Amino acid sequence: MSMTALRRLGWTQVAGGALFAAVLYFFGAQSTTASLLFVCVALPTLWQIWYGWRQRQLHPEHSRAWGWFGLAMIAWFSGDAIVTALSFGNATAAELSIGELGYLGFYPFALRALAALPGLGDSRHERWRAKLDATLAALTVGTLFLWIWPLPNTEGISHAWLVRLVHVANPMGDIMLLTGLVVLSSRQTSSGSLRLVRTLMLALAVKTLADTLHARAVIANVTALDGMIGALWLSFYGIMSLAVAEERAPKPHTATQRLPLNLSWMPYACVLLAGALLIYVLFSGDIEKARGVAIGAVALSLTVLGRQTLVSAENLRLDRLATTGAAESRLAALVRHSHDVVVVLDAEGTFTYVSPSVERILERDPGDLIGRSGFDVIHPDDVSTMRRMLHRLLESPSRSESVVTRALRGDGSWRELEVIASNRLDTNSIHGIVLNLRDVTERRELEGKLEWQAFHDPMTGLANRILFADRVGHALTRRQRSPYDIGVLFIDLDHFKIVNDTLGHPAGDALLREAARRIASEVRSTDTVARLGGDEFAVLLEDATEEQCRHTAERLLVQLLRAYDVSGREVFSGASIGLTMAEPGVSLDELVRDADVAMYVAKAEGRGRVVTFRASMREEVTDRLALESDLRRALEHGELTVHYQPQVDLRSGEVLGAEALVRWAHPTRGVVPPSRFVPIAEEAGLMVAMSRFVLRTATRDAAAWRLPGHTEPALHVAVNLSGRHVQDPSLVDDVHHALLESGLDTSLLTLEITESVMMHNTRGAIAVLSELKSSGIKIAIDDFGTGYSSLSYLQQFPIDVLKIDKQFIDSLGTGDGDDTLARAILSLGDALGLATVAEGIENMRQLHELLRMGCLLGQGYLLSHPLPARQFADQLRSGNLQRNLEHIAVGSADRRVA
């Protein structure tokens with residue numbers, strides 16, 4: 001029979017139900033015609049199920065379920081057949097008959113058929129869990145049914161109780177089967193099984209409606225609905241026939257898979273619902289309903305307990321699977337997805353296995369490498385190393401080795417691989433040399449960077465102190481085997497701290513980088529240049545004589561003295577260089593220390609020079625360090641004093657003021673000259689404190705000076721400011737505090753600066769000095785003509801006085817003397833409207849020449865030596881100083897007349 005005919009048969013059965021209802025309506029409930037029509041319409045369903053199952057025409061996956069459905073339909077049809085047979089010759093149908101056993105037999109077979117449906121999961125535990133979920137839902141709905149339609153009371157008539165019980169059991173079984181089928185449909189993973197389940201759901205829904213109406217009719221003794229009930233029963237048969245016809249239709253070989261719904265919440269919802277219902281009926285006092293609900297709740301609880309036991313067993317099984325059965329598959333997955341490459345070579349070095357991760361690391365297809373020699377992808381410089389390693393592994397089967405090599409990538413680049421190799425030729429499943437390859441390219445690059453940073457200065461790129469010491473040590477070791485000359489230069493940039501403090505650290509860093517470039521450009525490629533820290537550099541000169549080393553140092557001195565372009569500004573620094581040559585038996589520490597000592601001596605001698613180490617310098621440096629310590633203590637304990645040298649009107653000898661000069665009377669060394677301790681103070685960073693001390697002392701002393709016949713201070717005092725104090729932010733406050741503390745008028749204070757101050761942080765110095773000048777303080781340039789300042793600075797800075805340096809005064813009045821520069825400075829002062837003071841006047845000849853050139857102001861030993869503060873004040877008050885100076889001025893005038 002064709003599929004079309006089978007479908008028509010099913011729809012004919014449905015139509016037969018309508019015909020049955022009509023016959024029943026016109027001929028009565030006990031019509032023989034209606035009974036025979038019912039049996040004839042229902043019977044083809046049984047034939048279709050039996051024939052399709054017997055001929056294996058049904059879907060193979062559903063055959064077992066259809067076998068149980070066939071038994072269920074036979075049981076139900078037998079009930080119909082028995083009831084129909086008993087109805088012949090009886091005027092009224094019996095309320096109960098043996099046919100009820102057939103009806104009730106339908107449910108266990110149908111339940112077993114539902115349990116045999118496929119598509120409920122891959123494992124046995126998953127299928128049982130789905131079935132138990134369906135059972136939970138069915139029991140919950142059955143409990144609700146008993147609450148709505150409770151079991152009959154056992155105290156009533158036994159026959160009536162049995163009638164009601166039997167007829168209530170059918171709709172209750174139907175609705176429980178339907179509920180279970182709905183849950184099973186939600187867990188279906190096969191689209192083919194889902195279509196069958198949905199058809200069965202429709203059939204059971206029709207049967208549920210029919211059985212419910214029949215039970216109500218029997219209990220209420222109503223016959224008006226018999227036609228409709230019969231039509232619904234026959235429709236149930238017809239829909240089952242349609243389901244069989246659909247099953248016998250040809251199906252595609254591939255079934256569409258679907259994801260089941262997640263109903264993990266359902267067991268808990270069922271228990272909560274049944275429990276809440278039981279509590280409700282107990283409190284309501286309805287014992288008849290409570291009995292059925294209690295039975296359902298107990299059955300539900302037992303089912304939940306069984307489900308939890310099943311879940312626990314499944315979890316235990318999965319745990320065992322994870323630790324035993326899945327070990328090999330997990331290992332294979334790890335190899336496939338590992339970041340490392342696993343390679344197996346034969347004894348000749350040919351690839352026999354390459355893991356898929358080689359595509360990611362070397363961009364090569366594993367299949368292309370199989371059968372090729374492993375040495376084809378190794379860097380040519382590393383092939384010999386890899387061959388020796390393979391040879392050692394073949395000689396020692398239990399041996400393992402590791403090495404880093406370079407392998408050719410698919411894009412032509414080289415990657416560094418860490419190789420761990422072991423001999424597994426004796427292992428049956430491997431039979432080869434196993435190589436574990438890890439890409440360490442980035443790690444090696446990082447190690448290289450870290451190593452470079454550990455031995456190099458990050459700012460300049462030069463070697464650092466550690467690498468320099470290592471190079472010097474190696475050079476001394478080689479010198480023991482093959483004697484040759486070794487020289488070390490220690491270089492310290494002059495005035496770098498001023499640049500760093502005034503222009504900022506970025507400017508200082510730029511200067512250091514440029515200095516490093518200049519040093520590196522003046523030495524050989526075999527020499528080592530290092531930055532030791534701060535502004536200190538060192539150079540190792542191997543196989544170079546002392547003359548060559550000194551010549552190199554002098555070239556460096558010239559290069560470092562050139563102007564630096566820092567942030568668009570022209571900055572000068574210079575350098576002090578110490579040179580030492582390695583003597584036989586000298587140690588690393590001694591060689592480096594001696595060069596450092598020579599550099600300090602160069603600084604102490606005035607900077608900007610090269611000094612070669614002598615053994616006596618160690619004592620000199622030691623003495624200098626001791627002197628520095630003593631100087632710190634002298635500042636703290638007030639051991640420094642201030643002396644004053646008068647500044648005089650050269651024509652009249654009138655005392656106009658005095659220059660404050662710091663002096664140090666050492667407790668054990670005696671008087672230490674300024675030329676000795678002032679450079680130490682500059683190097684040790686003590687100049688600001690010393691300058692601040694002189695400023696406070698000089699303003700206090702000047703406020704007490706009195707000329708004969710004067711009650712108020714009338715002499716000015718000149719205080720030298722160090723370059724660092726000018727750059728110090730506290731200068732303005734220091735000056736105002738000293739004036740306020742002493743009570744000295746601002747017009748009586750002159751601050752002297754050197755030309756070097758004008759060359760560093762010009763803009764900042766101008767701003768500070770202008771602020772001081774605006775308060776009435778005078779500004780003087782000391783030692784003018786000895787620096788490198790341009791004339792434009794004289795116009796930019798707020799200057800009042802030029803002081804001619806002593807070296808231009810010394811040659812005045814001698815036959816071979818040159819007074820051109822002194823005359824030029826005097827003329828420049830006149831042109832700019834500045835007062836000019838001659839320093840270092842030591843004889844009458846110099847005084848006469850200065851007066852002849854028009855210099856009106858001066859100071860020097862001829863006029864007066866620097867005097868202690870009390871002596872200077874006493875001589876001012878007594879007039880002795882004034883009389884002596886007037887006498888000198890008169891003598892100079894007489895000489896000019898003569």
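Guide: Accessible areas come from the Shrake-Rupley method with a 1.4 Å probe, and by that method the protein chain exposes about 43,700 Å², of which carbon and sulfur atoms supply 57%. This is a predicted model, in which local features need pLDDT of at least 70 and side-chain atom pairs count only at pLDDT 80 or more, whereas totals for chains, interfaces and linings use all residues. Residues are numbered from 1 along each chain as its sequence is written, and side-chain values use heavy atoms, with hydrogens and water left out.

Visitor: What makes strands S19 and S20 a pair?

Guide: Strands pair if DSSP finds at least two bridges between them, and four bridges join S19 (residues 801-804) to S20 (residues 835-838), which run parallel, so they count as paired. Val801 has Ala835 of S20 as its bridge partner.

Visitor: Why is the crossover from S20 to S21 called right-handed?

Guide: S20 also pairs with S21 (residues 857-858) in the parallel sense, over two bridges. From S20 the chain passes through helix H31 (residues 844-853) to S21 in a right-handed β-α-β crossover, a name used because, with the strands pointing away from the viewer, the path from the first strand over the helix to the second runs clockwise.

Visitor: What does "buried" mean here, and what share of the residues counts as buried?

Guide: Buried means under 20% relative accessible area, exposed over 50%, and partly exposed in between, with a 1.4 Å probe and protein chains only; 48% of the 898 residues of the protein chain count as buried.
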